[in-house]
Amino acid sequence: MKRRFMEWGLLPVFIGVFLWGLNARYPFIGEDYFYVFPRLLEGKWHFLRQGFAPLRYAPHLCGGFPQYGNPQDHFYSLTQLFSLFLGLWTALQASVVITLLIGYAGWVRFGQDVLKLSRAWSHVLALVCIANGFYFLHLLVGHLWIISLPLLSWILWLMFMPARETVRTLFVRAISFGFITAYILYSGSQTLVLLTLMLLLALAPVDILLAERSRERCSTLLRRFAAFGIGALVLCSSKLVAVWSLLHTLNMKATFSGYHAGESIVLFVMKSFWAVPQSVGLYTPSTAFIRIHEESMYTAHIALLGCLALPFFFVRTRSLSIAKKTALALYVFVLVTFILLLVRGTGIVPETLQQFPLFSALRVPERFLYLVSLPVSLAGVWGASALASMLPKRIDKRLLCMGIGALTILGFAAAYVPLLLREPLNISLPYDVILASEQRSDGYLSSPVTHAFEPEGQRVSDFHYLFSASTGTQCYEAIPLALPKLRNGPVDMEYDGAFNIYNPSCLQYPEENNCKPKDRISTDDRENFLRFIHGLPVTWNVSALQTWADRLTLFALIAFPLSLLWLCHAGLLRFFVRLRTLLTQLFSSK
């Protein structure tokens, strides 16, 4: 028990450093929380009226917005759940801590079961994987879509478990995979779903080539991809169709930025992964446009050491044939080259990918660098453990791992503490001012939307719309809308045959509702107008595809947990029998 406590002991230390970093400039927090927090408040306003029913349309946002179709809708997230009874900043930090704990446990399991590391080295792996600058800096500036990143550990564990499972176990794992993927998507992490899919596809050939029986392993992975994919698609279908419907109507397209196309991409990667301390000046000579949260991806130096040792073990191993070694080396080279060309943001690779769904709406290619950072962490820790196995037996490997874990935390702190203390960052939301405004607006959660507000010559945050029971087009929204301004005044003001608020269903399902995108709610539709501004269910039509997707997802949400209970009932019975025996022994001893 004492040894296990020591192995887990570094995790709370790291979480403490992580939370200190998020609060380093408190009460100022990341500027993109200007986007996230009003939408959490809108979710709370909606929950008080409709419970956990989908937040399809948000009256406070953008003059009336189809929020369920927004890829960054956080209504079904742990943060939203906590925000119902905690302050927004506390809710966020609580969800970060819980997600880190779950993800850390997943990496420990992955290290032991998939990479066959010792328990001590599995804890090193877990610490290295969560102590990544990609996760920390995005949360620092307010990118809540990244919060589910640690859950990748369980997705990889489910997909790459070594042994071929029975059909029954496959079904249970497919449901588990589906629920994890669905949570990532429904909590507002479409980008993370894409990164997860690419990571699975990238690692599968490596797993097959390293297997003793490659053909059998290929069959196992194909079976898992099929079963897991079906489970995920069934649970995610409602959200996927909603997002596609909105983006398709708006014909949203973007182009990758090419901020680092003119410099050595290898040098950029080395700076991003291993430069200490990290600083804005490493990536740009000007502080006018700060993007370090997209550029810095600090990765523990033990991963670099392990990767440098890998060629030595790769050449010496006899478990792989020369043909497999050649194929593996060639594949890794091609894969890394492909990702680095994508990260550049310009050229044939990114331009081709942007012709496909999911890629077409993305702007930041540097995020794909995580597809290199994470495998480097996995391979590097494995290489370091192999290197450590050559050390004299008198060296306590457990203490060695504890020391490496401590150095990982120190390296993370050394990389980012100077940045947090001295350099300009996108941290500008005065949270204390927001709290004071919320207290002055007591009762806003019980108020309907009453008026539109379109000020001239000044910016208005979405907080204003929530706190003043209003709406307007000057919203902080990543999806380009270009909506004409509403008129200052009551939302029930009538002009040109419509009320003074937009019909959000026209942005998502225009044909089904006989309207055009950017139409306001018709005066003939007064009942839906009143229900919409009061946060009640509306009767606007959705597409037939959306109806079937909703039904499929709802069926899966009911059937999958019941199936798990039925499949696992024997294990549950054994658990309760053991619990009863333990309690009986405990009370009889007294």
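This is a predicted model: local features need pLDDT of at least 70, side-chain atom pairs count only at pLDDT 80 or more; totals for chains, interfaces and linings use all residues.
View 1. Strand 3 covers residues 451-452 and pairs with strand 4 in the parallel sense, over 2 bridges. In general, the strands of a sheet are paired through backbone hydrogen bonds, and the pairing is either parallel or antiparallel.

**View 2. Thr473 sits in the loop between strand 4 and strand 5.** Is Thr473 buried or exposed? Its relative accessible area is 16%, so Thr473 counts as buried. Leaving out residues up to four places away in sequence, Thr473 touches Cys62, Gly63, Glu454, Tyr465, Leu483, Pro484, Lys485, Leu486 and Tyr502. One of these, Cys62, is also part of the disulfide in the next view.

**View 3. A disulfide joins Cys62 and Cys475.** A disulfide is a covalent bond between the sulfur atoms of two cysteines. In this pair the sulfur atoms are 2.1 Å apart. The angle about the S-S bond is 105 degrees, and the link of Cys62 and Cys475 is right-handed. Which parts of the chain does the pair link? Cys62 is in the loop between helix 3 (33-50) and helix 4 (78-83), while Cys475 is in the loop between strand 4 (470-471) and strand 5 (489-490). These are distant parts of the chain, with 413 residues separating the two cysteines. Both Cys62 and Cys475 are buried.

**View 4. Cys506 and Cys515 form another disulfide.** Here too the sulfur atoms lie 2.1 Å apart. The link of Cys506 and Cys515 is left-handed, with -115 degrees about the S-S bond. Cys506 has a relative accessibility of 1% and therefore counts as buried. Cys515 also counts as buried, because its relative accessibility of 16% is under 20%. How many disulfides does a search of the whole structure find? The search finds 2. Counting the bonded cysteines along the chain, the pattern is 1-2, 3-4.

**View 5. Cys129 is in no disulfide.** The nearest cysteine sulfur to that of Cys129 belongs to Cys307 and is 12 Å away. Cys307, at 24% relative accessibility, counts as partly exposed.

**View 6. Tyr68 lies in the loop between helix 3 and helix 4.** With a relative accessible area of 4%, Tyr68 is buried. Tyr68 and Arg56 are 12 residues apart along the chain, and their C-alpha atoms are separated by 4.5 Å. Which residues does Tyr68 contact, leaving aside its neighbours within four places in sequence? They are Pro54, Leu55, Arg56, Asp73, Tyr76, Tyr186, Ser238, Lys239, Ala242 and Gln546.

**View 7. Strand 7 pairs with strand 6 and with strand 8.** Strand 6 (residues 494-495) and strand 7 are antiparallel, with 2 bridges between them. In this pair, Tyr495 has Ala498 of strand 7 as its bridge partner. The hairpin of strand 6 and strand 7 has 2 residues between the strands, and Asp496 takes a positive phi near 55 degrees there. Strand 7 and strand 8 (residues 520-522) also run antiparallel and are joined by 2 bridges. Ala498 takes part in this pairing as well, with Ser522 of strand 8 as its bridge partner. Strand 7 (residues 498-502) is largely enclosed by the rest of the structure, because 5 of its 5 residues are buried.

**View 8. Helix 12 crosses helix 15 at roughly 90 degrees.** The axes of helix 12 (residues 265-274) and helix 15 (residues 322-344) come within 10 Å of each other. The two helices are therefore roughly perpendicular. In the contact, Ile265, Phe268 and Val269 of helix 12 meet Leu340, Val343 and Arg344 of helix 15. By class, this contact has 5 nonpolar residues, 1 charged residue and no polar residues.

Notes
Residues are numbered from 1 along each chain as its sequence is written. Side-chain values use heavy atoms; hydrogens and water are left out. Axes are lines fitted to C-alpha atoms, for helices over the stretch in contact, and angles run from 0 to 180 degrees between N-to-C directions. Helices (H or I, at least four residues) and strands (E, at least two) are DSSP runs, numbered from the N terminus. Angles under 35 degrees count as roughly parallel, over 145 as roughly antiparallel, 65 to 115 as roughly perpendicular and the rest as oblique. Contact means heavy atoms within 4.5 Å. Ala, Val, Leu, Ile, Met, Phe, Trp, Tyr, Cys and Pro count as nonpolar, Asp, Glu, Lys and Arg as charged, and the others, Gly among them, as polar. Buried means under 20% relative accessible area, exposed over 50%, partly exposed in between (1.4 Å probe, protein chains only). Two strands pair if DSSP finds at least two bridges between them. A disulfide is a pair of cysteine sulfur atoms within 2.5 Å.
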